[in-house]
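The sequence and coordinates are shown first.

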Amino acid sequence: MAKLTTHVLDTASGKPAAGVTVRLYRCATSRELCATHKTNADGRTDGPLLDERSLLTACYELEFDVADYFAAAGAVLDDPPFLDTVVLRVALKEGQNYHVPLLVSPWSYSTYRGS
């Protein structure tokens with residue numbers, strides 16, 4: 001079944017990142033907000049960001065509000081924080097299944113196409 005899912009891992013603490021706001025935009029002639037979620041205790045959204053009906057072939061941007069998460073977790077951050085909102089731009093195709101995790105610390109991040 002085609003869908004887009006994500007999860008966030010706090011690599012500084014070695015735990016899932018709960019409470020991270022995630023926004024998804026479709027980028028066409030204008031940016032269209034498709035979904036807004038918060039990660040749960042497992043660092044995942046409770047449902048897919050896109051399902052089979054809403055996943056269209058297009059460019060998308062995922063925004064993760066990581067500075068708010070790290071501040072709430074008590075991390076020592078620069079002022080302003082080095083990472084505030086992490087933006088990932090990805091191209092997705094209809095009929096495909098995508099899992100895009102974010103591994104993040106206050107100073108770095110990485111991502112990959114998961115399964």
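A residue is called buried if its relative accessible area is under 20%, exposed if it is over 50%, and partly exposed in between (1.4 Å probe, protein chains only). Helices (H or I, at least four residues) and strands (E, at least two) are DSSP runs, numbered from the N terminus. The model is predicted: local features need pLDDT of at least 70, side-chain atom pairs count only at pLDDT 80 or more, and totals for chains, interfaces and linings use all residues. Residues are numbered from 1 along each chain as its sequence is written, and side-chain values use heavy atoms, with hydrogens and water left out.

Seven of its eight residues are buried, so strand 6 is largely enclosed by the rest of the structure. Two strands count as paired if DSSP finds at least two bridges between them. Strand 4 and strand 6 run antiparallel and are joined by six bridges; here Arg 26 has Tyr 60 of strand 6 as its bridge partner. Strand 6 also pairs with strand 7 in the antiparallel sense, over eight bridges, and Leu 62 stands opposite Leu 88 of strand 7.

A further set of four strands forms an open sheet with mixed pairing, in the order 3-2-9-10. Its edges are strand 3 (15–16) and strand 10 (109–111), each of which pairs on one side only. Three bridges link strand 9 (residues 102–104) to strand 10 in the antiparallel sense, and Val 104 has Tyr 109 in strand 10 as its bridge partner.

A nonpolar core is a set of buried Ala, Val, Leu, Ile, Met, Phe, Trp, Tyr and Cys residues joined through side-chain atoms within 4.5 Å. The largest such core has 26 residues, and those touching the most other members are Leu 4, Leu 24, Leu 62, Phe 64, Val 66, Leu 92 and Leu 102. At least two core residues come from each of strand 4 (21–27), strand 6 (58–65), helix 1 (66–72), strand 7 (85–92) and strand 9. Leaving aside neighbours within four places in sequence, Val 66 is in contact (heavy atoms within 4.5 Å) with Leu 83, Asp 84, Val 86, Leu 102 and Val 104.

Rings of Phe, Tyr and Trp (its six-membered ring) pair if their centres lie within 6.5 Å; planes under 30 degrees apart count as stacked, over 60 as edge-to-face and the rest as tilted. The ring centres of Tyr 69 and Phe 70 are 4.9 Å apart and their planes are at 70 degrees, so the pair is edge-to-face; both residues are buried.
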